[in-house]
Amino acid sequence: MAGELGSTTWAIAEGYIPGTSSGPEEMLSHETACILNPSDRTAHVEITVYYADRDPAGPYRVEVPAKRTMHLRFNDLTDPEPIPRDTDYASVLEADVPVVVQHTRLDSRQAENGLLSTIAYSSA
């Protein structure tokens, strides 16, 4: 049953990496795509990032091993280019096996941190 979970295309319509943070390094402001691969095969995931005022960036490529999860920080994506801070963006994740995607943001610009988490939009 677990191998039937998920979809191969996911969209996160809202993205924004704050340019500043407060507190210790582990509280760095960030955006995360939490990717669950419940299948028996490695998931090859391509991410395209869309902007309001320029052409899309990507694809960024990651692999999620079978029956594993990955918490992928958009802050860490650098190839083909870094995701800019203080810039609105959206993303589409496409995988070759069904996966489940959740979106999380930690905003630590103030001492009172904000955490947002939502399930991404599935094409299925």
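At a relative accessibility of 1%, phenylalanine 74 counts as buried. Keep in mind that this is a predicted model.

**Exercise 1. Find the aromatic pairing of phenylalanine 74 and tyrosine 89, and say how the two rings are arranged.**

Step 1: start with the tally, which comes to one aromatic pair.

Step 2: check the geometry. The ring centres of phenylalanine 74 and tyrosine 89 are 5.7 Å apart and the planes sit at 45°, so this pair is tilted. For the cut-offs, stacked needs planes under 30 degrees apart and edge-to-face needs over 60.

Step 3: Phenylalanine 74 belongs to the loop between β5 (68–73) and β6, while tyrosine 89 is in strand β6, so the pair ties together parts 15 residues apart in sequence.

**Exercise 2. Work out where threonine 32 sits and which residues it touches.**

Step 1: look for it in strand β2, which covers residues 30–37.

Step 2: decide whether it is buried or exposed. Its relative accessibility is 6%, and since buried means under 20%, threonine 32 counts as buried.

Step 3: list the neighbours, skipping residues up to four places away in sequence. Threonine 32 touches His71, Leu72, Arg73, Phe74, Gln102, His103 and Thr104.

**Exercise 3. Which side chains meet in the salt bridges, and which parts of the chain do they link?**

Step 1: get the number. The structure holds three salt bridges.

Step 2: take lysine 67 and aspartate 40, whose side chains meet at 2.9 Å, N to O. Lysine 67 is in the loop between β4 and β5 and aspartate 40 in the loop between β2 and β3, 27 residues apart. Both lysine 67 and aspartate 40 are exposed.

Step 3: move on to arginine 61 and glutamate 46, with a salt bridge of 3.1 Å, N to O. Arginine 61 is exposed at 58% relative accessibility, whereas glutamate 46 is partly exposed at 31%.

Step 4: finish with arginine 54 and glutamate 81, which meet at 3.0 Å, N to O. Arginine 54 lies in the loop between β3 and β4 and glutamate 81 in the loop between β5 and β6, so the pair ties together parts 27 residues apart in sequence. Arginine 54 is partly exposed, with a relative accessible area of 37%, and glutamate 81 is partly exposed at 27%.

**Exercise 4. Describe how strands β3 and β4 are joined.**

Step 1: read the direction and the bridges. Strand β3 (residues 43–51) and strand β4 (residues 57–64) run antiparallel and are joined by six bridges.

Step 2: pick out a facing pair. Alanine 43 stands opposite valine 64 in β4.

Step 3: trace the turn. A hairpin of five residues takes β3 into β4.

**Exercise 5. Which residues does proline 98 touch?**

Step 1: locate proline 98 in strand β6, residues 89–107. At a relative accessible area of 28%, proline 98 is partly exposed.

Step 2: collect its contacts beyond four places in sequence: Leu5, Gly6, Ser7, Thr8, Asn37 and Pro38.

Step 3: compare space with sequence. Proline 98 and threonine 8 are 90 residues apart along the chain, yet 4.6 Å separates their C-alpha atoms.

Terms used: Residues numbered from 1 in each chain as written. Predicted model: local features only at pLDDT ≥ 70, side-chain atom pairs only at ≥ 80, totals over all residues. Heavy atoms only, no water. Helix = DSSP H or I, 4+ residues; strand = E, 2+ residues; numbered from the N terminus. Buried < 20%, exposed > 50% of the residue type's maximum accessible area, 1.4 Å probe, protein only. Contact = heavy atoms within 4.5 Å. Pairing = 2+ DSSP bridges. Phe/Tyr/Trp six-rings, centres within 6.5 Å; stacked < 30°, edge-to-face > 60°. Salt bridge = Lys/Arg side-chain N within 4 Å of Asp/Glu carboxyl O.
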